[in-house]
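Dear colleague,

I am handing over the model we spoke about, and my notes on it follow below. Please read them with the structure open beside you.

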Amino acid sequence: MRDPVMERASLAARHDFDMLPRSADIDVQPARYSELSAIAEMGNRMVPGVQITERDLERYFAFDPGSILTFSRKQKLLGAVAFLYLNDRGHDALILNKMNLTHPDFGLLAGRSEEVSAIYVWAIAGQGRAMAGLGNVSTHLSEPRLAPADLYAQPSSADGRNLMIAIGFEPIPSFQRELWRYRRPWNRLASNARAVTSARSFAGARY
């Protein structure tokens with residue numbers, strides 16, 4: 001089995017999500033239950049179109065506490081990012097626009113012992129130097145359970161779209177409105193290898 005963390009070091013340095021440097025100043029860790037109220041308030045205030053309650057966050061936090069990460073500096077909460085870890089059915093539902101992204105069905109989410117097919121960036125909010133912690137987030141998402149999954153997002157503002165571009169997301173064709181995808185570097189390598197193998201097979205078949 002490929003070790004994505006080791007492969008990160010072997011790839012050429014790139015300005016994309018999985019190559020962002022870790023920050024020693026920003027602490028990134030799974031949210032604590034006591035922080036959910038502040039996270040909900042921050043998301044509603046800072047992310048256009050987000051309307052989420054503390055109770056909503058509590059439900060998803062109980063399902064998978066690792067799906068909400070906080071950014072903090074010197075124990076001061078600066079922001080948070082929430083992910084939906086999707087199973088195969090959730091991945092298909094996302095692409096086909098058959099998923100309620102405001103209140104997603106738990107049946108579309110991967111259980112903590114289940115393979116994650118795709119990671120949807122549900123919301124990200126931060127103030128001050130919070131975004132300097134994105135490299136720490138990429139390290140978290142390189143854990144064995146999460147590393148094989150590409151990331152998806154729907155930017156809700158010009159700033160969000162600029163951030164997506166800056167860290168390697170690209171818009172993709174889908175039934176979902178303005179869906180962007182970030183392909184993990186090891187998945188790109190695997191796709192390129194399959195494409196080369198297919199091309200060689202096709203060329204060999206001609207002679």
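The side chain of Asp18 makes a polar contact with the side chain of Tyr182, at 2.9 Å, where a polar contact is a pair of N or O atoms within 3.5 Å, one of which, within protein, must be able to donate a hydrogen and the other to accept it, and residues adjacent in sequence count only if both atoms are side-chain atoms. This is a predicted model, in which local features need pLDDT of at least 70 and side-chain atom pairs count only at pLDDT 80 or more, whereas totals for chains, interfaces and linings use all residues. Residues are numbered from 1 along each chain as its sequence is written, and side-chain values use heavy atoms, with hydrogens and water left out.

Asp18 lies in the loop between helix 1 (4–10) and strand 1 (27–30), helices (H or I, at least four residues) and strands (E, at least two) being DSSP runs numbered from the N terminus. Asp18 is buried, with a relative accessible area of 1%; buried means under 20% relative accessible area, exposed over 50%, and partly exposed in between, with a 1.4 Å probe and protein chains only.

Ile26 is found in the loop between helix 1 and strand 1 and is buried, with a relative accessible area of 2%. Leaving aside neighbours within four places in sequence, Ile26 is in contact (heavy atoms within 4.5 Å) with Phe71, Ser72, Arg73, Leu78, Arg129, Ala130, Ala132, Gly133 and Asn136. The C-alpha atoms of Ile26 and Gln75, which are 49 residues apart along the chain, are separated by 9.5 Å.

For the chain as a whole, the secondary structure comes to seven helices and seven strands, in the order α-β-α-α-β-β-α-β-α-β-α-β-β-α along the sequence. Of the 207 residues, 46% count as buried, and residues 24 or more positions apart account for 72% of the contacts with a separation of 6 or more.

Turning to the strands, strand 3 (residues 76–86) and strand 4 (residues 118–126) pair in the antiparallel sense over eight bridges, pairing being assigned if DSSP finds at least two bridges between two strands; Ala80 stands opposite Ala125 in strand 4. Strand 4 also pairs with strand 5 (residues 150–153), in the parallel sense and over three bridges, and here Tyr120 stands opposite Tyr152 in strand 5. The chain crosses from strand 4 through helix 5 (residues 134–140) to strand 5 in a β-α-β crossover that is right-handed, that is, with the strands pointing away from the viewer, the path from the first strand over the helix to the second runs clockwise.

On a 1 Å grid over the protein atoms alone, a cavity is a set of points where a 1.4 Å probe fits but cannot get out, a pocket is an open set with protein on both sides within 12 Å along at least five of seven lines, and lining residues have an atom within 4 Å of a point. The largest pocket has a volume of about 970 Å³, and strand 4 gives the largest share of its lining, seven residues.

With best wishes

Definitions and conventions:
Points joined across faces, edges and corners; volume = space filled by probe spheres on them.
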